[in-house]
Number of protein chains: 2
Amino acid sequence: MAPSNWRTYLVTQASLSAGRSTAEIAREAIAGGVDAIQLREKDTDARTRYELGRELREMTADAGVDLVVNDRLDIAQAIDADGVHVGQSDLPVAVARDLLGPDAIVGCSTSTVAEARQAEADGADYLGVGSVYGTTSKRVAEHKDGIGPERVAEITDAVSIPVVGIGGITDDNAGPVADAGAIGVAVISEITAADDPQAATQALSAALEAPTQSPSNTEGQP
Amino acid sequence: MAPSNWRTYLVTQASLSAGRSTAEIAREAIAGGVDAIQLREKDTDARTRYELGRELREMTADAGVDLVVNDRLDIAQAIDADGVHVGQSDLPVAVARDLLGPDAIVGCSTSTVAEARQAEADGADYLGVGSVYGTTSKRVAEHKDGIGPERVAEITDAVSIPVVGIGGITDDNAGPVADAGAIGVAVISEITAADDPQAATQALSAALEAPTQSPSNTEGQP
């Protein structure tokens, strides 16, 4: 698979999983049809991430799901991940591309058009754009702490690489992110904290497929 | 240079430098004849460590001083460091050796004979052994929080790769570490927090060269 085919994307964070292991959450997300998983786990040491990464690599490879590692190029190499996801405070995109080669997936977190253009110019394969709604909002209208779908649209207009929206996205508010030109959505809590992570993944996927019930869509209907 | 030639070894930590930059401390340590520098800076993000690492690489290369990076193999690769130093919670020594190749320096933190033997078997080039005296003690007799020179001697007897002592080492207590078979000593505070880091480096080096004034040495004198 390639980023251009991603719809649902799980970013792992053990601290939000209500006691379940990250591997367990990942397994359920895979059963629910997730397209990509990012090994994040910012609070754990490298050895723990490496061991977890090996476990995720085995299950994602079997399922044909892409696996990228947040920040650490070395862990990505060590577990034979498909690539990395770097933020603005991590190693530069150009360095990641240089060290990992042309076949690795290199993604970058951006929140402005300028950052997005720079990441594309430096060789990023996709962008994680956000925080779209902030991280706790449940309603589209409450994105005062996020950049909102409008900014996502500005960014998707400005670059030609795939964009994944991230930040406070749920099955209720995913539609406008897709309408803004994002090819998919990345979530932590929506899957990780769900009672049923498999069902949550499926609901997110369904929300992206459904036509958005906006006035402009319904106006022209008979 | 190779680890077998190291005597004084600076581990960087900006938070202990009394407002001076890590590059400034490193420059003074180099002027004082330091043999190796480890880019540590655990509290900073990857981008900052990368930028600092590039600066340290330039000055260490000019001076013929070895540069290793703590924990992050990717930053070591990105700045063309001589190698890495990994702890028991970092990527395994065998993974570092595999990813960085046979020419890279791979060091490992160990505090027991078992860990030391494992690291040697996995391909480590040298060991950082400690904490010898704990981290704040100023006297040899006060190493109740450290493993002490006795354990250093047990480890140097058990392996054939070079051992560098670390943890609470000063010019006052470095002698017994060398007597225990360590080829050198690694310090953070002793150089970083010193009023004159260059002089502190020289004093440490001198302490390693001086014969230890132990009873067994003086007894035989006329």
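Buried area is the accessible area, taken with a 1.4 Å probe, that two parts lose on being put together, summed over both. In this predicted model, the area buried between chain A and chain B is about 1,600 Å², and carbon and sulfur atoms give 56% of that area. Of the area that chain A buries against chain B, 32% is supplied by A:Arg47, A:Asp74 and A:Leu91, more than by any other three residues.

In terms of contacts, 19 residues of chain A meet 19 residues of chain B. Twelve residue pairs are in polar contact across the interface, and two salt bridges are counted between the chains, one of which joins the side chains of B:Arg72 and A:Asp71 at 3.0 Å, N to O. On the side of chain A that touches chain B, α2 (46–63), α3 (73–78) and α4 (93–100) each supply at least two residues, with the largest share, five residues, coming from α3(A). The residues of this side divide into nine nonpolar, four polar and six charged.

Turning to the aromatic side chains, six aromatic pairs are counted over all chains, including the two below.

| Pair | Geometry | Centre to centre | Angle between planes |
|---|---|---|---|
| A:Tyr9 and A:Tyr126 | tilted | 6.1 Å | 55° |
| B:Trp6 and B:Tyr126 | edge-to-face | 4.7 Å | 70° |

A:Tyr9 in strand β1 and A:Tyr126 in strand β6 of chain A are 117 residues apart, and both are buried. In chain B, B:Trp6 lies in the segment before β1 (8–11) and B:Tyr126 in strand β6, so the pair ties together parts that are 120 residues apart in sequence; B:Trp6 and B:Tyr126 are both buried.

Terms used: Residues numbered from 1 in each chain as written. Chains lettered and ligands numbered in written order. Predicted model: local features only at pLDDT ≥ 70, side-chain atom pairs only at ≥ 80, totals over all residues. Heavy atoms only, no water. Contact = heavy atoms within 4.5 Å. Salt bridge = Lys/Arg side-chain N within 4 Å of Asp/Glu carboxyl O. Polar contact = N/O pair within 3.5 Å; in protein donor to acceptor, adjacent residues only side chain to side chain. Helix = DSSP H or I, 4+ residues; strand = E, 2+ residues; numbered from the N terminus. Nonpolar A, V, L, I, M, F, W, Y, C, P; charged D, E, K, R; others polar. Phe/Tyr/Trp six-rings, centres within 6.5 Å; stacked < 30°, edge-to-face > 60°. Buried < 20%, exposed > 50% of the residue type's maximum accessible area, 1.4 Å probe, protein only.
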